Amino acid sequence: MNQRKRFNLMIMLLALASVLFTGMNADAQVLLGRDQVKELNGVEVTEQLGNYVSADAVFTDENGNDVEFGSYFQDDKPAILVMVYYQCPVVCPVVLSQLKDSLNKLDYTAGEDFKLLVVSFDHTETTSMALGERTNFLGEYNKGQTTEAQSGIHFHTGKAVDIKRLVNSIGFAFNPLDNGDFSHPISLMIVSPKGKVTRYMYGFDYPSQELKLSLLDASQGKIAASLGDRLLHFCFQFDPLAGSYSIQAFRVMQVGALLTVLFIIIGLTMLFMGDRVRRKLYLANKQDETNANTNDSHSSNTSSSSFAGVHTGQVS
């Protein structure tokens with residue numbers, strides 16, 4: 001087997017091993033369910049999986065630019081959508097902090113592989129608040145100073161009518177309280193590159209492995225950066241009952257069968273190529289022997305003729 005084939009085979013085996021290893025960790029991760037979140041704050045999300053976010057809702061970004069929300073969904077990058085309000089005393093800062101910690105462990109880059117869209121559902125909040133929150137977030141995000149992150153992370157404010165359009169399209173509810181705060185779900189949404197809601201994540205913990213699998217799902221594997229990512233996307237499937245991703249035994253068996261077939265093909269190829277090489281060497285050796293015999297015969301005949309000529313001369 002040549003060096004390139006050995007290298008490719010080694011990469012596939014390592015990728016499969018990483019899938020199996022991370023599978024054990026993924027099964028051990030537990031996320032809060034929707035009912036548990038409702039018990040915490042009295043407000044729930046009415047999941048709208050498969051629904052599209054309100055594309056014509058207009059929001060103001062951190063730089064004061066008005067943007068149609070649909071303009072974020074015109075390429076191949078999925079998005080993480082977070083609904084917060086910037087003056088939230090406890091919950092929203094923790095959500096953003098936990099998300100930032102998860103993104104710091106993720107080997108994908110905001111702006112390059114996905115977008116992060118944060119929207120305030122309090123219509124009284126200002127652009128300067130959005131800018132301040134974004135600046136703080138980028139300062140703590142490991143890749144926050146990259147050009148990609150600068151272009152792919154946006155914090156927004158909006159008018160009440162546009163906020164209502166967006167929250168209705170994603171099933172996000174919130175209730176104002178007498179003290180000026182809000183009761184709202186603790187969750188974030190994963191949105192496909194075309195603006196379709198594909199996943200809800202609840203609670204304060206967003207394991208990087210779960211987040212990665214969710215983004216891969218939303219993009220249908222298009223943002224996979226390696227063979228290992230493609231195997232992760234193929235072998236793991238979201239289990240709505242468990243609230244997390246779990247490894248699919250049948251798909252692992254399919255990968256195992258594929259590897260077996262590859263081993264057989266490589267083995268047969270080695271045998272076939274080896275046989276051809278041996279045959280070529282055999283024919284080459286036979287040709288050399290034939291040439292050598294011909295040369296010896298020619299040399300012998302030439303020597304005999306010369307000797308005969310010399311002998312004849314002596315007699316005369």
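Colleague: Which residues do ring pairs link into a cluster?

Modeller: Y85, F121, F172, F174 and F182 are joined that way. Rings of Phe, Tyr and Trp (its six-membered ring) pair if their centres lie within 6.5 Å; planes under 30 degrees apart count as stacked, over 60 as edge-to-face and the rest as tilted. The model is predicted, so local features need pLDDT of at least 70 and side-chain atom pairs count only at pLDDT 80 or more, while totals for chains, interfaces and linings use all residues. Residues are numbered from 1 along each chain as its sequence is written, and side-chain values use heavy atoms, with hydrogens and water left out.

Colleague: How many aromatic pairs does a search of the whole structure find?

Modeller: The search gives 13 aromatic pairs. In one of them, F59 and F69, the centres are 5.5 Å apart and the planes are at 65°.

Colleague: What makes the pair of F59 and F69 edge-to-face?

Modeller: The angle of 65° is over the limit of 60 degrees, so the pair is edge-to-face. F59 is in strand β1 (residues 58-60) and F69 is in the loop between β2 (66-68) and β3 (79-84), ten residues apart. Helices (H or I, at least four residues) and strands (E, at least two) are DSSP runs, numbered from the N terminus. Both F59 and F69 are buried.

Colleague: Why is the pair of F137 and F155 called tilted?

Modeller: The planes of F137 and F155 are at 55°, which falls between the two angle limits, and the centres are 6.0 Å apart, so the rings pair and the pair is tilted. F137 belongs to helix α4 (residues 127-140) and F155 to strand β5 (residues 153-158), 18 residues apart.

Colleague: Why does F137 count as buried?

Modeller: Buried means under 20% relative accessible area, exposed over 50%, partly exposed in between (1.4 Å probe, protein chains only). F137 has 5%, so F137 is buried. F155 has 0% and is buried by that rule as well.

Colleague: How do you know that E140 forms a salt bridge with K100?

Modeller: A salt bridge is a side-chain nitrogen of Lys or Arg within 4 Å of a carboxyl oxygen of Asp or Glu. The closest N and O atoms of E140 and K100 are 3.4 Å apart, so the pair qualifies. E140 lies in helix α4 and K100 in helix α3 (residues 91-105), so the bridge ties together parts that are 40 residues apart in sequence. At 47% relative accessibility E140 is partly exposed, whereas K100, at 10%, is buried. Salt bridges that share partners join K100, D101 and E140 into one network. By this rule the structure has seven salt bridges.

Colleague: What makes D107 and K212 a salt bridge?

Modeller: The N to O distance is 3.0 Å, which is within 4 Å, so the two side chains meet the rule. D107 is in the loop between α3 and β4 (115-120) and K212 is in helix α7 (residues 208-218), 105 residues apart. K212 is buried, with a relative accessible area of 8%. K212 also lies over the face of Y108, at 5.2 Å from the ring centre; the rule asks for NZ of Lys or CZ of Arg within 6 Å of the ring centre and within 35 degrees of the ring normal.

Colleague: What can be said of R165 and D162?

Modeller: Their side chains meet in a salt bridge at 3.5 Å, N to O. Both residues lie in helix α6 (residues 160-170), three residues apart, about one turn of the helix. An α-helix has 3.6 residues a turn, so residues three or four places apart point the same way. R165 is partly exposed at 38%, and D162 is buried at 8%.

Colleague: How many residues of α7 are buried?

Modeller: Nine of its eleven residues are buried, including L211, L213 and L215. Just after α7, Q220 takes a positive phi of about 60°.

Colleague: Which residues touch the most other members of the largest nonpolar core?

Modeller: A nonpolar core is a set of buried Ala, Val, Leu, Ile, Met, Phe, Trp, Tyr and Cys residues joined through side-chain atoms within 4.5 Å. Of the 58 residues in this one, F69, I80, L81, V82, M83 and L103 touch the most other members. Strand β3 gives the largest share, six residues.
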